Amino acid sequence: MESKIIIIGAGAAGIGLGITLKQLGVDDVLILEKDDIGQSFKNWSPETRFITPSFTSNGFGMPDLNAISLHTSPAYTLGKEHLSGKDYANYLSLVAGTYNLSIMTNEMVDQVVAQKDKTYQVVTRNHSFRAKYVVFAVGQFSYPYNPFDCGIHYAEVRQWRQLTSQNRVIIGGNESAFDAAINLARNGVVVDIYTKSTGLYEHSADPSVRLSAYTSEKYYSLTDQQRLNIRVHEQMVLQQLKKLTNEKYQLIFNEGNKILEVSEEPIICTGFCNGATRIQPNLFKIINNVSLLNEFDESIIAQNVFLTGPNVQHGETIFCYIYKFRQRFAIIAEEIMKRERLPINTNILTQYKHNSFYIEDCSKCEVRCDC
């Protein structure tokens, strides 16, 4: 089977880029999804919510922060401000149907192989496809990063209320760590967070660095006792984590200067991997888990292979939120259309630019607040 463009992943980035291409008049696009539309969001625990609020403000040139297309809003569609994962997956399914996107679900991509004719063979468990352009939109949540041989990663917890022990250790100090700690503390668990540093006290205006206002609000809304039950230990770097023969877990910090034994398996909140490099690492040059991309979010070593979503990074700018990475959809779409010598509707692009859905010069991305 052959398509001009194949997008791997039917989450926020894959559906969003598919809609952008559709609005610009490109129809020969196929989206492949290993599970179901928005499956990563469906896998969230029911207690987890979006930290970015949804609000219907599209008519004033300020689209809903969690919208993936110009004329949709999760807040309008679902009547909720901080959505659950299942809420958002529902939104993605609705907009995919509205724009009549071509999506094949249950198509796990095993490999992407460059061909001599400058196309790519995309091999799934069920089929083989051929495309001139391949866009990786696989996100992060399905690819948790756990550098240790044991420990429960944040992404593996399906319901926090099921972790009923009196004490828990969390490794990590940012969004997922505090979300885990807050949910556990609400259930009466005493939590020790061990981390090199934490975003809780950061003064940066960049939400990629500082703990989100939503998470901070949840933390300070805890009762005094619940907040006391969250103990933060900074300047603690975990070197080893292993399960002992007596069913306990040993944690070795700071080159052996602190050794801790606990009865419950620690919760690992150390972030996520770049999903694209898990599927086909040879298509990207990677330094420190960052895929090096050109100005069109294209791999610097594989022509016509693009990356979209939270793994996109240019310099110090990390496009890790929906309202950030959606600004790059039209950049990819426009470049593909130029290479194919297709007419580009400048009115559509102007709409994208006026609605903060188009950022061309990433060097101008500065985050500052006077107060």
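The model is predicted. Helix 5 and helix 6 pack at about 25°, whereas helix 1 and helix 10 pack at about 45°.

**Helix 5 and helix 6**

- Helix 5 spans residues 175-186 and helix 6 spans residues 213-220; their axes lie 10 Å apart at an angle of about 25°.
- Angles under 35 degrees count as roughly parallel, so helix 5 is roughly parallel to helix 6.
- The crossing of helix 5 with helix 6 is left-handed.
- Helix 5 contributes Glu-175, Phe-178, Asp-179, Ile-182 and Arg-186 to the contact, and helix 6 contributes Thr-215, Lys-218 and Tyr-219.
- By class, the residues in the contact of helix 5 with helix 6 are three nonpolar, one polar and four charged.

**Helix 1 and helix 10**

- Helix 1 (residues 12-23) packs against helix 10 (residues 329-339) at an angle of about 45°, and the axes are 9 Å apart.
- Helix 1 and helix 10 are therefore oblique to each other.
- Helix 1 and helix 10 cross in the right-handed sense.
- On the helix 1 side the contact is made by Ala-12, Ala-13, Gly-16, Leu-17, Thr-20 and Leu-21; on the helix 10 side it is made by Phe-329, Ala-330, Ile-332 and Ala-333.
- The contact of helix 1 with helix 10 has eight nonpolar and two polar residues, and no charged ones.

- Five bridges join strand 12 (residues 249-253) to strand 13 in the antiparallel sense.
- Leu-251 has Leu-260 of strand 13 as its bridge partner.

**Val-138**

- Val-138 sits in the loop between strand 6 (128-136) and strand 7 (152-153).
- Leaving aside residues up to four places away in sequence, Val-138 touches Ile-8, Tyr-143, Gly-275, Ala-276 and Ile-279.
- Leu-283 is 145 residues from Val-138 in sequence, and the two are 14 Å apart in space, C-alpha to C-alpha.

Conventions:
Residues are numbered from 1 along each chain as its sequence is written. This is a predicted model: local features need pLDDT of at least 70, side-chain atom pairs count only at pLDDT 80 or more; totals for chains, interfaces and linings use all residues. Side-chain values use heavy atoms; hydrogens and water are left out. Axes are lines fitted to C-alpha atoms, for helices over the stretch in contact, and angles run from 0 to 180 degrees between N-to-C directions. Helices (H or I, at least four residues) and strands (E, at least two) are DSSP runs, numbered from the N terminus. Angles under 35 degrees count as roughly parallel, over 145 as roughly antiparallel, 65 to 115 as roughly perpendicular and the rest as oblique. A crossing is left-handed if the near helix is turned anticlockwise from the far one by less than a right angle, and right-handed if clockwise. Contact means heavy atoms within 4.5 Å. Ala, Val, Leu, Ile, Met, Phe, Trp, Tyr, Cys and Pro count as nonpolar, Asp, Glu, Lys and Arg as charged, and the others, Gly among them, as polar. Two strands pair if DSSP finds at least two bridges between them.
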